[in-house]
Amino acid sequence: MAKSDNHIVGIDLGTSKIGVIVAKVLEKGEIGIIGLGKSDAKGMRRGNISSLKEAEASVKSSVIEAETMSGYSIQKAYVSVGGCYLNSINSRGVVAVSSKNKVIEPIDVARVLQNASSIRVSNDQKIFHTIPQEFIVDDQDGISDPIGMHGQRLEANVHIIIASATILQNIATVIHNCGIEVEDFVFNLLADSYAVLTPEEMELGVGLINIGHGTTGISIFEKGAICHSHIIPIGGEHFTNDLSVLLKIGIPDAEIAKKKYGCALTSMVSEDEMVEIQSSQQKKSTVIAKTKIAEILEPRCFELFQLLFENIRDTKLLKAINSGIVLTGGGSLLPGVSEVAERVFDHHVRLGEPMGVSGLTNLVDSPLFSTSVGLALYGAKSLKQKQTETKKGLFSRLFGKMFEFFE
Ligand SMILES: Nc1ncnc2c1ncn2[C@@H]1O[C@H](COP(=O)(O)OP(=O)(O)OP(=O)(O)O)[C@@H](O)[C@H]1O
Ligand SMILES: [Mg+2]
């Protein structure tokens, strides 16, 4: 199989599916998707590993599929991290500009980011993203790239993502046992933002919500950067479970009924529409009103968005959502979800489908693959940065993969 360092691989470890994407950096920097592998996630629970062996088998199955489709042997990958064991905080760093002529150099940027990320974390936690929001040179704020500017004092506001070191280690073990090295861990909503948000939305202020199977996460982006993240342990799984309990059918039948007839807003469903649902356990089918399914899903959906809304209201970030809400993740495919989000947030809501890639786009043209596609785009940006830094030398050698920068 072909080997080349302009290939980028993203592995999205979801609660319900493992999505592996192989992409290639084409001429003019375009990112072409050349392979996709997907399998049901076994041994995963809300972003955590519940069985190393099962998770490993699921990852291997997706990897083989992606390798076969792309003809590329996967050695390294960007791996998504999500789940309720993540924490995020904002921090600020300050340093004096070091050069005699007071021109800001890459080393000053690296020092101020290191200073901003010198926060206390417990032994079982690990910082895995320090994302600059803005730099401040003397008293001038809102600077995205201070290199080359004159100043005495350099400050940085950053968003820090922290994860459980043990969980990261377990994920690394699974990936390693599949013969793959973790190139970098990437927070899944950060990856999503690369695939579904426009630069204008990120600049004006936007709320990005990923409704997965076991979790739902929200991140707020403002002035081009992520400034808040919150994850709750409710996702599509809970919608399915509600149907299973209240319609007295098994989980697989409830999952089918949700995808086929589900709607999160009762008023969108015609009152006289009848549908047939299966009960494999009882080996029978029942005809029920479609509104009955919506009546079960609606309260769960309102509860989900209400919890997210309260978090954003309590952190005083509602006013940041100037360009509305973008929904992604498989849970956003349920009809009526956008309408419920619109009512709770009182903002414009749109569905986030992956963009910014070429190649086999028809395979990934769904909110289900926003994280996988985002990992490829994130990886492409990292690769470009590393190539620039290698040319410049010093910076990357000093601070490795720890920081992420604006273009
Ligand atoms: N057409 C659809 N209608 C309703 N729900 C859907 C549809 N397609 C997928 N889903 C739901 O989306 C969820 C899976 O989404 P996704 O693949 O984004 O989750 P995940 O990444 O595996 O989980 P997580 O991000 O929580 O770890 C499932 O609950 C599934 O039932
Ligand atoms: Mg997911």
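Modeller: One definition comes before the rest. Ala, Val, Leu, Ile, Met, Phe, Trp, Tyr, Cys and Pro count as nonpolar, Asp, Glu, Lys and Arg as charged, and the others, Gly among them, as polar. Keep in mind too that this is a predicted model.

Now the shell around ligand 1. By those classes, its residues divide into eleven polar, five charged and three nonpolar. There are 19 residues around ligand 1. Those that come nearest are Thr-15, Ser-16, His-213, Glu-255 and Lys-258.

Next, the polar side chains. An oxygen atom of ligand 1 lies 2.6 Å from an N or O atom in the side chain of His-213. For Ser-16, a polar side-chain atom is 2.7 Å from an oxygen atom of ligand 1. For Lys-17, a polar side-chain atom is 2.8 Å from an oxygen atom of the ligand. How much of ligand 1 does the protein bury? Taken alone, ligand 1 exposes 650 Å², and the protein buries 90% of that.

Which helices supply the shell? Helix α6 spans 236-247 and helix α7 spans 251-261, and each supplies at least two residues. Helix α7 gives the most, with three residues.

Stay with α7 for a moment. Ala-254 has its place in this helix. Is Ala-254 buried or exposed? Its relative accessible area is 0%. Buried means under 20%, so Ala-254 counts as buried. Leave aside the neighbours within four places in sequence. Ala-254 is then in contact with Thr-240, Leu-243, Ser-244 and Ile-249. Lys-292 is 38 residues from Ala-254 along the chain. The C-alpha atoms of these two residues are separated by 13 Å.

Now a strand. His-129 lies in β8, which covers residues 125-137. The relative accessibility of His-129 is 3%, so this residue counts as buried as well. What does its side chain meet? A polar atom of the His-129 side chain lies 3.0 Å from the backbone nitrogen of Phe-187. His-129 is then in contact with His-159, Ile-160 and Ile-161, with Phe-185, Val-186 and Phe-187, and with Leu-190 and Tyr-378.

To recap, the protein buries 90% of the area that ligand 1 exposes alone. Helix α7 gives the most to the shell, and Ala-254 in that helix is buried.

Technical notes:
Residues numbered from 1 in each chain as written. Chains lettered and ligands numbered in written order. Predicted model: local features only at pLDDT ≥ 70, side-chain atom pairs only at ≥ 80, totals over all residues. Heavy atoms only, no water. Near = heavy atom within 4 Å. Polar contact = N/O pair within 3.5 Å; in protein donor to acceptor, adjacent residues only side chain to side chain. Areas by Shrake-Rupley, 256 points an atom, 1.4 Å probe, with all protein chains shown as cover. Helix = DSSP H or I, 4+ residues; strand = E, 2+ residues; numbered from the N terminus. Buried < 20%, exposed > 50% of the residue type's maximum accessible area, 1.4 Å probe, protein only. Contact = heavy atoms within 4.5 Å.
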